[in-house]
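Thanks, everyone, for making the time this morning.

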Protein chains: 2
Amino acid sequence: MSPERFAKIKAVLNRRQPDLTVITDNVHKPRNLSAIVRTCDAVGVHHVHSADPDGGYGTYHGTAKGSHSWVKVHLYDGVDKPIKKLQSEGFKVYAATFTDRVVDYRQLDYTQPCAILMGAEKYGVSDTAAELADEHIMIPMMGMVESYNVSVAAAIILSEAQRQREQAGLYDASRMPPDEYETTLFEWAQP
Amino acid sequence: MSPERFAKIKAVLNRRQPDLTVITDNVHKPRNLSAIVRTCDAVGVHHVHSADPDGGYGTYHGTAKGSHSWVKVHLYDGVDKPIKKLQSEGFKVYAATFTDRVVDYRQLDYTQPCAILMGAEKYGVSDTAAELADEHIMIPMMGMVESYNVSVAAAIILSEAQRQREQAGLYDASRMPPDEYETTLFEWAQP
Ligand SMILES: C[S@@+](CC[C@H](N)C(=O)[O-])C[C@H]1O[C@@H](n2cnc3c(N)ncnc32)[C@H](O)[C@@H]1O
Ligand SMILES: C[S@@+](CC[C@H](N)C(=O)[O-])C[C@H]1O[C@@H](n2cnc3c(N)ncnc32)[C@H](O)[C@@H]1O
């Protein structure tokens with residue numbers, strides 16, 4: 001491993017955001033899951049919680065450009081499991097879904113511990129997830145089509161989270177738990 | 001056509017932004033082109049200029065959810081053509097590409113007439129387009145992977161344009177040329 005590569009890995013780990021994560025609720029097209037994971041890597045999300053991806057993690061491919069190696073994907077049967085787990089750890093869950101309690105996605109605070117929950121390609125966020133979520137958020141739609149592609153919607157919301165966290169200085173110093181930092185550095189530095 | 005449908009069509013046309021557009025430079029995967037067109041509809045971009053899409057407009061499908069009917073896609077041989085055409089009409093061209101003259105995409109003004117230029121899946125923005133463009137913009141990358149999927153990158157930039165234009169009140173009153181408004185209303189209102 002070149003010294004440049006080692007420095008790059010450390011710089012990336014220094015920008016990882018342990019208190020920002022994504023939950024997918026039955027999102028099951030491999031290219032959508034892959035694109036979401038790739039975007040997560042780019043904004044510093046280190047863990048993705050994928051409930052009921054059907055085809056499963058093994059089928060993720062293509063558009064991720066190898067980002068799977070850089071982001072940990074956790075699989076669950078049932079979306080209630082990751083929601084409750086993260087809430088018990090102090091995360092707020094923001095579900096991207098159109099309901100009567102929805103707010104514009106730019107109104108929320110993404111600098112606190114939070115999980116952005118994305119719904120399935122066809123059926124959107126499940127009732128279970130919508131009920132358990134702390135907030136419902138939406139991206140304004142100005143056109144004829146009623147929704148964004150799910151990986152596009154995830155990226156729009158995550159780029160707002162990235163903006164707020166950059167402003168708050170959350171990328172300026174390492175925030176990963178030290179043991180996870182060391183283990184990951186060791187793993188990634190393998191030839 | 002129900003009165004609700006007719007009202008929806010008019011509301012959408014009233015939010016169309018004649019001075020915001022997208023140029024694609026050899027972007028050729030149908031699902032990426034489709035996702036870009038779908039996002040354009042959602043932020044009020046009515047015209048997309050697609051240079052050298054290889055497979056061509058005919059092959060766009062799937063993820064667009066029928067948005068092709070709502071956005072006009074113009075095809076070109078050679079990316080210089082749409083760039084020069086739009087510049088002669090007073091547009092600034094912002095190319096999404098990594099070069100030494102790049103600025104953060106949030107630093108630019110998207111309320112003036114502008115075209116966002118996106119590069120090919122594998123090779124990025126061509127030298128021709130990079131040279132002709134007025135500005136080079138990039139979205140910060142905090143992770144190991146070096147680029148976003150092109151439709152994801154387009155959506156992140158367009159959502160910033162949408163934010164600025166909403167703040168500037170550009171969605172508050174109809175801005176389409178009246179003859180195009182009438183023709184489009186007539187077309188869309190056909191059963
Ligand atoms: C293609 S959409 C699903 C549309 C589905 N027909 C529905 O009514 O929910 C897939 C997912 O993308 C996200 N999404 C798409 N457009 C969105 C928007 N404008 N605001 C918030 N989330 C959106 C949501 O999480 C949604 O569940
Ligand atoms: C997958 S990328 C192409 C990567 C290509 N290897 C390169 O070096 O340009 C496809 C297109 O998405 C856009 N894009 C991807 N990530 C971007 C970023 N972080 N900032 C700006 N544009 C980006 C650019 O227009 C790029 O040409």
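Predicted model: local features only at pLDDT ≥ 70, side-chain atom pairs only at ≥ 80, totals over all residues.

Let me begin in strand 7 of chain A, where A:Ile137 is the bridge partner of A:Ala96. As for conventions, residues are numbered from 1 along each chain as its sequence is written, chains are lettered from A and ligands numbered from 1 in the order in which they are written, and side-chain values use heavy atoms, with hydrogens and water left out.

The bridge between those two residues belongs to a parallel pairing of strand 4 and strand 7 of chain A, which extends over 3 bridges. When I say that two strands pair, I mean that DSSP finds at least two bridges between them, and the strands (E, at least two residues) and helices (H or I, at least four residues) are themselves DSSP runs, numbered from the N terminus. Strand 7 of chain A is also joined to strand 5 of chain A by 3 bridges, the two running parallel, and there A:Val102 stands opposite A:His136. Strand 4 of chain A, residues 92-96, is in turn joined by 4 bridges to strand 6, residues 114-118, again in parallel, with A:Lys92 opposite A:Cys114.

What order do the strands of chain A follow in the sheet? It is an open sheet of 7 strands with parallel pairing, and the order reads 3-2-1-6-4-7-5. Its edge strands are strand 3 (72-76) and strand 5 (102-104) of chain A, each of which pairs on one side only. From one strand to the next the twist averages 30°, where axes are lines fitted to C-alpha atoms, for helices over the stretch in contact, and angles run from 0 to 180 degrees between N-to-C directions.

Helix 5 of chain A, residues 150-167, lies across strand 1 (20-25), strand 4, strand 6 and strand 7 (135-138), and runs at about 165° to strand 6 of chain A.

Turning to chain B, we find an open sheet of 7 strands with parallel pairing and the order 3-2-1-6-4-7-5. Within that sheet, strand 1 (residues 20-25) and strand 6 (residues 114-118) of chain B pair in the parallel sense over 5 bridges, and B:Leu20 has B:Cys114 as its bridge partner. In chain B, the axes of helix 2 (residues 30-43) and helix 5 (residues 150-167) come within 9 Å and cross at roughly 10°. These two helices of chain B are therefore roughly parallel to each other, a label given to angles under 35 degrees.

How are the two chains related?

B:Tyr148 has contacts in both chains: leaving aside neighbours within four places in sequence, its partners include A:Arg38, A:Ala42, B:Pro140 and B:Ile156. B:Tyr148 is also one of the residues with the most contacts inside the largest nonpolar core, which has 71 residues. Such a core is a set of buried Ala, Val, Leu, Ile, Met, Phe, Trp, Tyr and Cys residues joined through side-chain atoms within 4.5 Å, and buried means under 20% relative accessible area, exposed over 50%, and partly exposed in between, with a 1.4 Å probe and protein chains only.

I will finish with the loops. A:Asn26 is found between strand 1 and helix 2 (30-43) of chain A, and is partly exposed, with a relative accessible area of 26%. Leaving aside neighbours within four places in sequence, A:Asn26 is in contact with residues including A:Asp52 and A:Glu121. A:Asp52 lies in the loop between strand 2 (47-51) and strand 3 of chain A, and has a positive phi of about 50° although it is not a glycine. In chain B, B:Asn26 likewise is not a glycine, yet has a positive phi of about 65°.

Technical notes
Contact = heavy atoms within 4.5 Å. Parallel < 35°, antiparallel > 145°, perpendicular 65-115°, else oblique.
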